[in-house]
Amino acid sequence: MPEEFERQCDLVVTALEAVADRLAEEKETLTELDSAIGDADHGANMNRGFQAALEKVSENDADDPADVVKTIGVTLVSTIGGASGPLYGGSIMSASQELEGGITADSSVAFAEAYLETVESRGKASVGDKTMVDALTPAVHTYKKSIEVDDLDPLEALAKAVDAAQRGVEFTTPIRAKKGRASYLGWRSVGHQDPGATSTLVILEELLAVAAEELDGEIEREIDAEADVDPAELEAESPGEGDD
């Protein structure tokens, strides 16, 4: 195995460990958020899925970071209940092929775009529907713009993406759910933060923390990494299916 691929495989496992640990810590918070507008199982499902993925990856001798990422996706599909399995795991599986040449700035952008595209396709959701897409879309757009247009290094780009995701999470609270179980509540869903958007932010925050440690960087999100993308503007641009 090329030395760089070995290092990247180890880095993916380290990131997965951080995400799994954080989701375990946030399990009750995610469950509380989901109890208001969903099945009250998002925290338990995400914790179970990522713990299983960590165990599976630890047993795996994959020599390519794309294979490690794919294994994570496959495990999440089979262990996360409800719609979240295909959304989180299936999208990771699909996007993992973008990393077959290794993890670079370009391949990470391609991975992020492929992941978002699959989530949108599987969930049939767009910005403003009060789902994980509300956090994911501004994060991916910000990351791509930061690298390809602003020529920022991946660490600062990821920090800006996390800031954008945070805005997306906040954006979900005052809007009405249009997709998923929460949509059954109609206007009663207003005032509740979306659990899927929240878990997406949690995952991104841990990826940033691991990347910062790996790259020996320090990021002050509020000062140096404010995102340019406003989720409300993305909602206006989104094709969607309209209000009902």
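## Salt bridges, a ring pair and a charged patch

Let's start with arginine 22 and glutamate 205, whose side chains meet in a salt bridge, 2.9 Å from N to O. The term stands for a side-chain nitrogen of Lys or Arg within 4 Å of a carboxyl oxygen of Asp or Glu. This pair ties together distant parts of the chain, with arginine 22 in helix α1 and glutamate 205 in helix α9, 183 residues apart. Helices here are DSSP runs (H or I, at least four residues), numbered from the N terminus.

A word on what you're looking at: this is a predicted model, where local features need pLDDT of at least 70, side-chain atom pairs count only at pLDDT 80 or more, and totals for chains, interfaces and linings use all residues. Residues are numbered from 1 along each chain as its sequence is written, and side-chain values use heavy atoms, leaving out hydrogens and water.

Back to our pair: are its two residues buried or exposed? Arginine 22 counts as buried at 17% relative accessibility, and glutamate 205 is buried too, at 18%. Buried means under 20% relative accessible area, exposed means over 50%, and partly exposed is in between (1.4 Å probe, protein chains only). Both residues also belong to a network of salt bridges that links Arg22, Glu26, Glu205 and Glu206.

The structure holds 10 salt bridges. One of them joins glutamate 214 to arginine 7, with the closest N and O atoms 2.3 Å apart. Here too, distant parts of the chain are linked: glutamate 214 sits in helix α9 (residues 195–214) and arginine 7 in helix α1, 207 residues apart. Glutamate 214 is partly exposed at 36%, and so is arginine 7 at 37%.

Now for the rings. There is one aromatic pair, and phenylalanine 111 and tyrosine 115 form it: their centres are 6.3 Å apart and their planes at 10°, so the pair is stacked. Rings of Phe, Tyr and Trp (its six-membered ring) pair if their centres lie within 6.5 Å; planes under 30 degrees apart count as stacked, over 60 as edge-to-face and the rest as tilted. Tyrosine 115 is buried, at 11%.

Finally, aspartate 63 lies in the loop between α3 (42–59) and α4 (65–79), and is partly exposed at 41%. From arginine 7, aspartate 63 is 9.8 Å away, C-alpha to C-alpha.

Technical notes. Helix = DSSP H or I, 4+ residues; strand = E, 2+ residues; numbered from the N terminus.
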